[in-house]
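Reader: I would like to learn how to read a model like this one. Please take me through the features one at a time.

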Amino acid sequence: MSVIPFDEREGTIWFDGAMVPWREAKIHVLSHGLHYGSSVFEGERAYGGRIFKSREHSERLRRSAQLLDFEIPYSVDQIEAAKAQVLSTSGLQDAYLRPVAWRGSEMMGVAAQKNTIHLAIAAWEWPSYFDPATKMKGIRLDIADYRRPDPRTAPSTSKAAGLYMICTISKHRAENKGYADALMLDWEDNVAECTGANVFFIADGVIHTPQADRFLNGITRQTVIELAKRRGIEVIERRIRPEEMTGFSECFITGSAAEVTPVSEIGPYRFTPAALTKTLMDDYLAEVQPRAAAA
């Protein structure tokens, strides 16, 4: 299947306060965000014309920028209005949205405190992150070579572009070996997360998930924990050693792009997608769908 490069698509993108033609939404090659990773972003999904947990994403975008020591020159309300405009203009009901903010081109040294902070927002159609047929069987994950960094060495709770460099490397290596993605450990060799999703395990009807204080506490992750608790399912957030994966019967990952995706294999460890994972998949899909207005 041919894929149209993102710089050759049709449509419009919100760019620094104005809607501009898609192909004209460009930045200079000497932008600080490109050279030094001074960029933050969000990944969001709209269902039936409504962006799921939109405000939480906008708030996190601003927090991520603050952790990188810059302020996005738009309030949460302004970002919300811009996203609504992008979605409406796109004509899409079900869409993926990508807000991104970065330091501009005024200075090119490591220090660039006076650089303009830019913000752009795009929307496009993006079905399930993983192949639907594979998704129902459970995807296969490799175990990455790179570790998630110690929070003392990087702003690990920010959705910062620079933190995804090792994720891209890890996912490419996994795909080259026939896997769909890779599971990453933290710097102390505890289970952390996948390259773009959080991970959950199930044993004896109890859900176990790594404590999200060393990596991004995903909005989808938080949603799924809430959904499980609504059903009275116990959720334990803790440090998980890789060898503990032997004792788990089910595994799934969560993210705005991945939604809730079952896992059948992580390196030498095997899992069987079953009823509890399916229940949470269904609950999540019901949660994200716009509710009919009361009569």
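This is a predicted model: local features need pLDDT of at least 70, side-chain atom pairs count only at pLDDT 80 or more; totals for chains, interfaces and linings use all residues.

Author: Start with contact, which means heavy atoms within 4.5 Å.

Reader: Is Ser156 buried or exposed?

Author: Take the cut-offs first. Buried means under 20% relative accessible area, exposed over 50%, and partly exposed in between, with a 1.4 Å probe and protein chains only. Ser156 has a relative accessible area of 7%, so it is buried. Across the protein chain, buried residues make up 51% of the 295 residues.

Reader: Where does Ser156 sit in the secondary structure?

Author: Elements are DSSP runs, numbered from the N terminus: helices are H or I with at least four residues, strands are E with at least two. Ser156 is in the loop between β8 (139-148) and α5. Helix α5 spans residues 165-176 and holds His172. His172 is partly exposed, at 45%. Its C-alpha lies 8.9 Å from that of Ala182, 10 residues away in sequence.

Reader: How many helices and strands are there in the protein chain?

Author: The protein chain has seven helices and 16 strands. Its radius of gyration is 19 Å, close to the 19 Å of the globule rule for 295 residues, so the chain is as compact as a globular protein of that length. That radius is taken over C-alpha atoms, and the rule is 2.2 Å times the number of residues to the power 0.38. Along the principal axes, the C-alpha atoms fill a box of roughly 55 × 55 × 40 Å.

Reader: Into which domains is the protein chain divided?

Author: Domain bounds come from an automatic or database domain assignment. Here they give domain 1 (6-125) and domain 2 (132-288). The contact between them takes 19 residues from domain 1 and 20 residues from domain 2. The C-alpha centres of the two domains lie 26 Å apart.

Reader: What share of the contacts join residues at least 24 apart?

Author: Count contacts between residues at least 6 apart in sequence. Of these, 68% join residues at least 24 apart. Gly37 gives a local example: Gly37 touches His32, Leu68 and Gly162, not counting residues up to four places away in sequence. Gly37 and Leu68 are 31 residues apart in sequence, yet 9.6 Å apart in space, C-alpha to C-alpha. Gly37 lies in the loop between α1 (32-36) and β3 (39-41). At 23% relative accessibility, Gly37 is partly exposed.

Reader: Which residues have a positive phi although they are not glycine?

Author: Check backbone angles residue by residue. Asp16 is one of them, with phi of about 50°. Asp16 is in the loop between β1 (12-15) and β2 (18-21), and is partly exposed at 29%. Asp69 is another, with phi of about 70°. Asp69 is in the loop between α2 (54-67) and α3 (76-90), and is exposed at 61%.

How values were computed:
Residues are numbered from 1 along each chain as its sequence is written. Side-chain values use heavy atoms; hydrogens and water are left out.
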